[in-house]
Amino acid sequence: MGKYLLKFKKLGLIRYTSHLDLVRLFHRAFKRQGISLTYSKGFNPHPKMSFGQPLSLGFESVGEYLEFETSESYEAKDIKDMLNIAMPDGIEITDCWKIDTNQKSISSSVEWASYEIQWDCEFDSSLIEEFLNQDKIIALKRQKKKSTMKEIDIKPLIYKFNKLDGNKGLYAMVRTGSSSNLNPQLLLEAFYQFLNREYSKDNCIIVRLDLYNSRLEPLSSQLLT
Amino acid sequence: MVLTEILNKQLPMVEKPGRYIGGELNSIKKDKQKVNINFGFAFPDTYEIGMSYLGLQIIYKVLNDIDDVFCERIFAPAVDMEELMRKENIPLFTLETKTPANELDMLGFTLQYELSYTNIINMLDLAGMPLRSKERDDDFPFIVGGGPCAFNPEPMAEIFDFFIIGDGEDSLPQICDIYRELKKKGRVNRNDFLLSITNIEGIYVPEFYSPVYRQDGTIESVDKLKENVPDKVKKQIVTDLSSASFPTEPIVPLIEVVHDRSVMEIFRGCTRGCRFCQAGMIYRPVRERSKDCAIDLIKEQLASTGYDELSLLSLSTSDYSEFKPLVMELMELGKEKNVAVSLPSLRLDSFSFEVLDEIQKYKKTGLTFAPEAGTQRLRDVINKSITDKDIYDAMGHAISLGWTNIKLYFMIGLPTETYEDLDGIVEIAKNIMDIYYDHNKGRKNRRFNITISVSNFVPKPHTPFQWSRQDTADEFNEKHSYLKEKIKKLKGVSLNYHNTEPSLIEAYLARGDRRLGDVIIKAWEKGCKFDSWREHFNFNNWMKAFEDLCIDPTFYSSGEITKSEVLPWDIIDTGVTKKYLLRECEKALEGKQTHDCRISCTACGVNRYVKCEREGTNG
């Protein structure tokens, strides 16, 4: 019996696989390595395994989290090593922690996410300030299960948005989670529009750096103490 | 490397970019500079379809098990990706190392269905290669074809450099040996290589043969242009499946593919002798993998992949000689390892029901059954040995066990078919409904439904029906309407049928001769590709291609072509004699069945070349 939290990277071409693909991938990796997950009860048992926050198709990440329960007890380090053998190109498990079985699920504590946006940006930093200083930052969001677009104010959803040193791109820390969520692509669309440019998905590579709780602490920091 | 960077940037612009990335668990990477032979295995359809094909995994292993050979995979890009590739000048590339296809030594296409031919042309074009064999010099890779459609290689004869007929497990390494030898001596000369490989069993090099046509389009004779090439190309046969190479570490796709599961081929071939079935003739004789071997390989495969579903592969699962013990062991294994077992193409006897009931305990998915024809008379003609009693007993059994979705497969346009046979299809559906009402004490339940799935008969080479005509478009359409009208009146029964036009093209290509190469290229020039995809198929363009080249397509479907003694595919020797096929054809017209050759040998001729291990074992 045990509950564990994994931190992993998703880099390179594998970023073109979806969240569901990743669910399947991990499920198979556990099976392949003989790590026995706890299954839910009922007619359709499924393994108790959940991700911190789904990553959009096309994004890279160095800070993904996966939480799962096993029916046997393992050393956290063994799990990390075993899983790394079963991973395809581009996925690497960086950490594995054994956590308290009664701890609240990580997905419910995720509130913020940080991103690095790799983009050759040629504009003055003051433009970002101007962008952020607007009363409202309006973005067009596609409505769920509808084809219509809705204008929303994303300003309260942005915690940080700044240029990286050496024109390497941008840094953003934005709301994420089930109650309120800002996809950095939406932020970029709004910013591009502010710059009078048109945003296209192939303009930049977005890398998620980490996930944070409501106190803006990285999810893993709670475990390290 | 440059190509990887372009892809990395451009892939967000296409649908399902995961199709083009490679890097899956168990995929193989070798240093392409250090190997002697770079081989590309090309599947002329999208990734999801190609990755569901076991043959790809077998060939991938066979070739990559050879140290100095590197086999990579190539799939047809979907239409949006192709557009992007043409715009950005991205050539057709391998998934493993993103190498342009025209830099390989050999490019092998699998010919699984005729309607993929235009995709092959499109892929050669995307690779920047001349389409016809005679237009390619030493600088281009050899283009090789294999798979079931290679048993009539003629329509693609001018495009491919050579074909591998029959099982590829042994012939591919033999081809590599010859290539390596020639490479050691310096540059591989096209002609030297092609001439040398004709010594290997199952290799057909079309440019060494030239058909002579009569005025009416039939073949007078076939001239051999080189002295030492075989008169007929005998298919290569792997005799012992248990010792043959099998993918114990198959590539596990990252994205969802059509069949995303562990697969075990339990035997090759079939003894039943259905007269329409090409697979049943060309894959003879039956060669089984032993039960213990199968179980061991399954365990290895599950351990290396982490799959939670397992399926068996063969032409008729229930015919496996150790079927019961195998299934019992698999069920145990499935329980122990939390793996769902699925058993396709079962004969619906009481044991099968026991097993299916166990497998699908809570969620009974559909139950499929293939009577193929609506009356006993027509089933006798096609040698499908199922009786009305078999059908109704099985359906009664299924209903009492709680199945609510029944799917029945039929073929229309079969030789000697009349409207009475179509009425038979309707009758079967009606009777099954009645069985259900009886069982349910007359109450109607909307949950119970029957789907009648109708396909159109396409006469195939190397079958007893290779001489038959195919129904015309009008005949097919009338039959579809007739069935639609009748079945509309039955509550709870639905009908789906294949479109007529693709079946016509399939028939033209299946029995085509060498002159069709130009037609296929012309059709592609007019925009034909992904012909097996309803949304891409364009019948008019195909018809215009035939018209442009002044070839009457109905020549190939009307039975005219087969009035000649020499058929375009006669160059291929499957082991089954023409005498046997003719006898079967005559018996069909007399409505006489031929028994399963597990009872006793029916003299098809294949045992001249290889021992039939199952012959007479049920006698």
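Modeller: Let us begin with a pair in helix H1 (residues 19-32) of chain A: Arg24(A) and Asp21(A) lie three residues apart there, and are therefore separated by about one helical turn. Please bear in mind that this is a predicted model.

Colleague: What is the distance between the closest N and O atoms of Arg24(A) and Asp21(A)?

Modeller: Side chains of opposite charge can pair when their charged atoms come close. Asp21(A) is buried, at a relative accessible area of 9%. A salt bridge links Arg24(A) to Asp21(A), and their closest N and O atoms are separated by 2.6 Å.

Colleague: Is Asp231(B), which meets Lys224(B) in a salt bridge, buried or exposed?

Modeller: The N to O distance between Lys224(B) and Asp231(B) is 2.6 Å. Lys224(B) is partly exposed, with a relative accessible area of 33%. For Asp231(B) the relative accessible area is 60%, and as exposed means over 50%, this residue is exposed.

Colleague: Which residue meets Asp513(B) in a salt bridge?

Modeller: Asp513(B) counts as buried, at 1% relative accessibility. The N to O distance of the bridge is 2.9 Å, and the partner is Arg515(B).

Colleague: Which residues are joined into one network by salt bridges that share partners?

Modeller: The structure holds 64 salt bridges over all chains. Through shared partners, one network brings together Asp167(B), Glu169(B), Glu265(B), Arg268(B), Arg287(B) and Arg289(B).

Colleague: Which residues form the positive surface patch that includes Lys141(A)?

Modeller: Lys141(A) is found in strand E6 (residues 138-142) of chain A. This lysine is partly exposed, with a relative accessible area of 35%, and a patch residue needs over 30%. The positive patch is formed by Lys141(A), Lys144(A), Lys145(A), Lys146(A) and Lys150(A).

Colleague: How many disulfides does the structure hold over all chains?

Modeller: A disulfide is a covalent bond between the sulfur atoms of two cysteines. Here a pair of sulfur atoms would have to lie within 2.5 Å. Over all chains, the number of disulfides is zero.

Colleague: How far from Cys176(B) is the nearest cysteine sulfur?

Modeller: Cys176(B) is buried, with a relative accessible area of 0%. This cysteine is in no disulfide, and the nearest cysteine sulfur belongs to Cys71(B), at 9.1 Å.

Colleague: Which cysteine holds the sulfur closest to that of Cys612(B)?

Modeller: Cys612(B) counts as buried, at 18% relative accessibility. The closest cysteine sulfur is 6.1 Å away, too far for a bond, and lies in Cys604(B).

Methods:
Residues numbered from 1 in each chain as written. Chains lettered and ligands numbered in written order. Predicted model: local features only at pLDDT ≥ 70, side-chain atom pairs only at ≥ 80, totals over all residues. Heavy atoms only, no water. Patch = residues over 30% accessible without salt bridge, like charges linked within 9 Å, V, L, I, M, F, W, Y side chains within 5 Å. Areas by Shrake-Rupley, 256 points an atom, 1.4 Å probe, with all protein chains shown as cover. Salt bridge = Lys/Arg side-chain N within 4 Å of Asp/Glu carboxyl O. Lys, Arg positive; Asp, Glu negative; His and termini not counted. Charge placed at Lys NZ, Arg CZ, Asp CG, Glu CD. Helix = DSSP H or I, 4+ residues; strand = E, 2+ residues; numbered from the N terminus. Buried < 20%, exposed > 50% of the residue type's maximum accessible area, 1.4 Å probe, protein only.
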